Amino acid sequence: MAGHVVDIVARSLLTNTLRKWGMEGFRLDPTRVRDISGDLLDAHGRLQVVPAAALADTSAEERMLFGVRNGVYGLPTAELCDFLRGRIGGRTAIEIGAGTGALARALGIVATDNRQQEGAAVRAHYQRLGQPTVPYGPNVEKLDAHRAVERHRPQVVIACWVTHRFDPKAPDAGGSETGVDEAAIIASCEEYIFIGNEHVHHYKPIWKLPHEKLTPSWLYSRAINGTRDFIGIWRGGQRSPNTGTAA
Ligand SMILES: C[S@@+](CC[C@H](N)C(=O)[O-])C[C@H]1O[C@@H](n2cnc3c(N)ncnc32)[C@H](O)[C@@H]1O
């Protein structure tokens with residue numbers, strides 16, 4: 001019986017997620033999709049970093065079902081962590097919109113998130129959709145992205161699957177009214193590193209700013225649309241690490 005209830009909930013939340021991503025025609029039967037949580041959650045049920053090889057034999061449907069059931073969007077691999085460590089070098093870094101906090105925990109950096117899904121109205125909304133909210137980790141400091149940058153004054157800002165701020169002057173770009181003004185984040189740090197998916201994050205206003213885009217094979221997420229996951233890197237203003245003042 002419990003399994004039956006889970007399947008009904010999963011069915012409903014997957015339908016909602018697919019609708020949101022314009023993939024209503026796509027059908028996924030959770031009762032026929034392998035549960036990969038045993039590989040991705042640790043003994044305490046927390047998302048853990050795994051080698052990309054552990055995800056290589058998973059399907060997009062399995063990753064989507066895992067992501068929706070566990071409030072996870074980007075799947076942190078050991079290779080992604082190695083890349084980010086190398087890119088951060090000796091600089092100060094924080095993660096914004098960190099969700100579970102698993103990526104920041106693995107990197108040993110400050111995790112921040114506005115924890116908006118803890119609010120009663122948002123919780124009720126997700127409950128109506130039959131969808132779990134993001135299980136914010138205990139290491140995740142409750143801070144809006146802009147406040148987080150003001151407070152920590154990092155050289156590097158990392159964001160994974162964070163929604164950009166809606167701009168009424170560019171309604172076609174979508175986004176959320178409470179989302180992140182990524183151009184302002186770029187202007188206030190040395191480097192902004194965004195991990196996302198080509199289809200889901202196609203309309204980001206910051207694509208028009210100079211950037212590097214990488215699509216390594218070791219990136220995984222809950223995306224189910226067949227496009228690549230990517231790492232985007234934007235160079236921002238220069239920040240002196242000790243004083244936090246713009247150079
Ligand atoms: C799609 S989830 C991604 C979570 C996590 N990075 C992942 O990949 O699983 C977006 C996250 O951004 C957070 N968020 C949304 N708007 C934010 C803002 N303005 N400042 C900080 N966090 C925000 C949400 O609470 C949520 O945890």
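## Surroundings of Phe 230

Phe 230 touches Gly 196, Glu 198, Lys 213, Leu 214 and Thr 215, leaving aside residues up to four places away in sequence, where contact requires C-beta atoms, placed from the backbone, within 7 Å. This is a predicted model, in which local features need pLDDT of at least 70 and side-chain atom pairs count only at pLDDT 80 or more, while totals for chains, interfaces and linings use all residues. Residues are numbered from 1 along each chain as its sequence is written.

Phe 230 belongs to strand β9 (residues 229-235), strands being DSSP runs of E with at least two residues, numbered from the N terminus.

## The largest nonpolar core

The largest nonpolar core has 53 residues, of which Ile 96, Val 157, Ile 158, Cys 160, Ile 185 and Tyr 192 touch the most other members; such a core is a set of buried Ala, Val, Leu, Ile, Met, Phe, Trp, Tyr and Cys residues joined through C-beta atoms within 7 Å. Strand β5 (residues 156-160) gives the most to this core, with 5 residues. Because domain 1 (2-70) and domain 2 (74-235) both give residues to this core, it lies between them, the bounds coming from an automatic or database domain assignment.

Ile 185 touches Ala 145, Val 149, Val 157, Val 180 and Tyr 192, again not counting residues up to four places away in sequence.

Conventions:
Buried ≥ 20, exposed ≤ 12 C-beta atoms within 10 Å, placed from the backbone. Helix = DSSP H or I, 4+ residues; strand = E, 2+ residues; numbered from the N terminus. Contact = placed C-beta atoms within 7 Å.
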